[in-house]
Amino acid sequence: MKIKLSVTIITLNEERNIGRCLESVRDIADDITVIDSFSTDKTEEICEKYGVNFITNPFKGHIEQKNFALDHARYDHVLCLDADEALDDQLLIAVKSAKENWAYDGYTMNRLTNYCGKWIRHTGWYPDPKLRLADRKKVRWGGSNPHDELRLIAGASSAHLQGDILHYSYYTIRDHIAQMNSFTTIMAEDAFRKGKKAGFIKLYLSPGFTFIKKYFFERGFMDGYYGFVISILSGFYTLLKYMKLRELVKSSSNI
């Protein structure tokens, strides 16, 4: 069965990335729907050049915004991407083939991340399979903000496509640290709302274990200097998350 394909992307000040993303899908997309959180840079201007369906919507969370994008896509069969992602040539061919002969409810694909100019093939960052191509009647975004996940409903079928989503994650270590600060606040607040606490093991032992896992068990050392940086910052990410959670719990007990 040949299908029409919508591509959905959420954006906020993505002028650095969005053009590359749109260029990579223009040959397979029958519709591109961009949900924007009121960007103040050239994101909308770039999108207009590609004739996208550009919709502004207040940002209430990654999961909420991506489900809004699903609901506003023009067609039921949807490829969901982030603005800092693009399809490599092999994956582009695989998606074209899936369009021509749609046989499953959803399709997974690997994601290869570029970190400060280096492709990271270990450190727990690859192959990083993601469900991104699906019949929207059979999926919904879930997980815990900001770490969203597209999920198939019970009983839905899936297959894996060859090729990679190319993820241009961080251009500098400073970018990584800034996002860590933002994301750990969101995660701590979400954990606090769910009644979770940061005990001794989580606060004092988890950060060190996270580094050991990333650098040794997941072979971060094979990614050289940046494998070490990612492993260290992953441990610090864990520490920040639980420190912020502990601070929220302590503040609430003093009210």
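**Briefing: cores, spaces and ring pairs**

Beyond its neighbours within four places in sequence, Leu133 is in contact with Leu5, Val78, Leu79, Val95, Ala98, Trp102, Gly106, Tyr107, Met109 and Leu161. The model is a predicted one. Leu133 is also among the residues with the most contacts inside the largest nonpolar core, which has 32 residues.

**Nonpolar cores**

- In soluble globular proteins, nonpolar side chains tend to be buried together.
- Besides Leu133, the residues with the most contacts inside the largest core are Ile9, Ile32, Leu79, Leu81 and Leu87.
- At least two residues of this core come from each of strands S1 (5-11), S2 (31-36), S4 (77-82), S6 (106-115) and S11 (158-170), and from each of helices H1 (18-25), H2 (43-49) and H4 (89-100).
- Helix H4 gives the largest share of this core, five residues.

**Cavity and pocket**

- One cavity of 30 Å³ or more is found in the whole structure, and the largest cavity has a volume of about 60 Å³.
- The lining of the largest cavity consists of Thr8, Ile9, Ile10, Lys66, Ala69, Cys80, Leu81, Asp82 and Trp141.
- Strand S1, helix H3 (62-72) and strand S4 each give two or more residues to that lining.
- By class, the cavity lining has six nonpolar, one polar and two charged residues.
- The second largest pocket holds about 200 Å³ of space.
- Its lining has six charged, four nonpolar and two polar residues; among them are Asp190, Lys194, Lys241 and Tyr242.
- Helices H5 (173-193) and H7 (224-253) each supply at least two residues of this pocket lining.

**Aromatic rings**

- The whole structure has 14 aromatic pairs.
- One of them, Tyr115 with Tyr226, is edge-to-face, at 5.7 Å centre to centre and 65° between the planes.
- This pair links distant parts of the chain, with Tyr115 in strand S6 and Tyr226 in helix H7, 111 residues apart.
- Tyr115 counts as buried because its relative accessibility is 0%, whereas Tyr226, at 23%, counts as partly exposed.
- Trp119 and Tyr168 also form an edge-to-face pair, at 5.4 Å centre to centre and 70° between the planes.
- Trp119 lies in strand S7 (residues 118-120) and Tyr168 in strand S11, 49 residues apart, and the pair links distant parts of the chain.
- Trp119 has 27% relative accessibility, so Trp119 counts as partly exposed.
- Tyr115, Trp125, Tyr170, Tyr225 and Tyr226 are linked into a cluster by ring pairs.

Methods: Residues numbered from 1 in each chain as written. Predicted model: local features only at pLDDT ≥ 70, side-chain atom pairs only at ≥ 80, totals over all residues. Heavy atoms only, no water. Core = buried A, V, L, I, M, F, W, Y, C linked by side-chain atoms within 4.5 Å. Buried < 20%, exposed > 50% of the residue type's maximum accessible area, 1.4 Å probe, protein only. Helix = DSSP H or I, 4+ residues; strand = E, 2+ residues; numbered from the N terminus. Contact = heavy atoms within 4.5 Å. 1 Å grid on protein atoms, 1.4 Å probe; cavity = no way out; pocket = protein on both sides within 12 Å on 5 of 7 lines; lining within 4 Å. Points joined across faces, edges and corners; volume = space filled by probe spheres on them. Nonpolar A, V, L, I, M, F, W, Y, C, P; charged D, E, K, R; others polar. Phe/Tyr/Trp six-rings, centres within 6.5 Å; stacked < 30°, edge-to-face > 60°.
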